[in-house]
Amino acid sequence: MLQRNISLKPYNTFGIDVSASYFARFKSVKELKDYFSDPGLSKLPLLMLGGGSNLLLTKNYEGLVLKNELSGIEILTADNSVFVKSAAGENWHDLVLFTIKNNLGGIENLSLIPGSVGAAPMQNIGAYGVEVKDVFHELEAYEIATGKIKKFNAQQCRFGYRESVFKQELKNQFVITSVTLKLTKNQTLNTSYGAINDELKKRGITNPTIKDVSDAVISIRQSKLPDPKEIGNSGSFFKNPVIAKSKFFALKEKFPDIVNYPVDDNNVKLAAGWLIENAGWKGKTIGNYGVHKNQALVLVNYGGANGNDIYQLSEDILKSVKMFYDVELEREVNIF
Ligand SMILES: Cc1cc2nc3c(=O)[nH]c(=O)nc-3n(C[C@H](O)[C@H](O)[C@H](O)COP(=O)(O)OP(=O)(O)OC[C@H]3O[C@@H](n4cnc5c(N)ncnc54)[C@H](O)[C@@H]3O)c2cc1C
């Protein structure tokens with residue numbers, strides 16, 4: 001059903017109250033096709049919406065917002081590798097719980113990431129040493145220009161750090177309709193992230209199952225990140241910047257504590273959260289929005305904030321980080 005001029009507040013985790021001139025949900029590819037076949041609607045700017053957990057709405061959306069409600073999860077083959085196909089409108093964490101219930105390993109480290117399955121490959125979601133690309137098999141996507149469903153393997157998706165071809169060359173050209181992951185029955189667990197090991201130790205677990213790892217990740221995330229149901233946010237607002245080693249060594253002289261991770265022989269990744277915190281932004285509050293008190297990478301809406309104000313705050317942080325360290329931050333959140 002097509003709705004007019006509705007508030008998008010319930011549909012974005014930042015809780016920004018702007019409106020969409022047209023809004024509709026689709027539960028099947030046929031319904032999706034019907035919207036694109038409508039001569040009036042197909043001309044409008046399109047915002048494809050999953051869980052709304054990776055966007056900042058800065059103004060009323062003068063176009064069509066299509067909410068993905070494609071559902072269904074199935075296990076395709078049950079060999080040693082198990083292929084699990086999920087419709088794009090499923091909730092990502094529900095898919096993680098489904099795989100754990102079926103004793104399939106591979107995405108337990110990605111527990112409790114908000115949003116839909118369809119958006120996961122868009123930005124190659126990642127946490128605690130695992131990215132969706134590590135278990136990705138293929139996806140199906142509806143090509144808006146032709147109305148055809150096309151398949152993409154991992155190579156064609158061109159995954160990078162919070163990147164894929166769908167955020168670059170193929171931006172706004174496809175609607176992801178399903179994602180198939182390759183999981184395993186006898187998973188080697190990835191607990192290399194210190195925090196997971198510490199949490200398992202705290203629980204007295206020496207021989208963890210995939211469920212133990214998932215529970216540990218859930219507990220760490222709940223203690224560290226603000227729950228969007230309580231404080232509006234979109235998770236990490238910025239990406240961790242990757243810089244040349246030579247520049248890193250110069251920065252390390254000036255800032256001996258600078259948090260960093262090795263990338264390759266020539267590059268180093270910096271922790272954007274540390275850069276922002278060290279530049280004095282952590283916990284900064286401007287009226288009803290600001291920088292989270294425990295996590296400088298997360299911008300927050302305490303209630304009733306304007307998306308454009310939050311965008312301006314992100315601009316100020318970008319400028320400040322550039323001035324402090326001569327490092328360019330990039331936004332992870334999609335701006336509309
Ligand atoms: C508290 C919190 C913690 C988070 N932690 C993490 C984390 O640890 N790791 C991480 O990687 N991310 C994290 N995120 C970000 C977010 O959860 C992910 O980016 C998630 O994949 C977004 O899914 P979504 O369905 O909400 O996407 P949306 O916000 O609805 O959409 C994001 C973008 O993808 C497009 N899009 C959505 N669905 C489709 C589709 N089916 N086809 C084509 N385009 C589509 C949208 O148009 C938009 O441009 C976090 C967010 C929050 C609020």
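This is a short chat about the fold of a predicted protein model.

User: How many helices and strands does the protein have?
Analyst: The predicted model has eight helices and 20 strands.

User: What's the strand order in the open sheet of four?
Analyst: The order is β1-β2-β5-β3, and the pairing is mixed.

User: What does pairing rest on, in general?
Analyst: Strands in a sheet pair through backbone hydrogen bonds, and they can be parallel or antiparallel.

User: OK, back to this sheet of four strands. Which strands stand at the edges?
Analyst: β1 (3-7) and β3 (46-49) do. Each has a single partner strand, so one side of each has no neighbour in the sheet. From one strand to the next, the twist averages 40°.

User: How many bridges join β3 to β5?
Analyst: Four bridges join them, and the two strands run parallel. β5 covers residues 61-68. As an example, Leu 47 has Val 65 in β5 as its bridge partner.

User: Which helix packs on the sheet?
Analyst: Helix α1, residues 29-37, packs there and touches β2 (19-26), β3 and β5. The direction of α1 makes about 140° with that of β2.

User: Changing topic: what's the radius of gyration of the protein?
Analyst: It is 21 Å. A compact globule of 336 residues would have a value near 20 Å, so the two agree. Along the principal axes, the C-alpha atoms fill a box of roughly 60 × 50 × 35 Å.

User: And what share of the residues is buried?
Analyst: Buried residues make up 49% of the 336.

Notes:
Residues are numbered from 1 along each chain as its sequence is written. This is a predicted model: local features need pLDDT of at least 70, side-chain atom pairs count only at pLDDT 80 or more; totals for chains, interfaces and linings use all residues. Side-chain values use heavy atoms; hydrogens and water are left out. Two strands pair if DSSP finds at least two bridges between them. Axes are lines fitted to C-alpha atoms, for helices over the stretch in contact, and angles run from 0 to 180 degrees between N-to-C directions. Contact means heavy atoms within 4.5 Å. The radius of gyration is taken over C-alpha atoms; the globule rule is 2.2 Å times the number of residues to the power 0.38. Buried means under 20% relative accessible area, exposed over 50%, partly exposed in between (1.4 Å probe, protein chains only).
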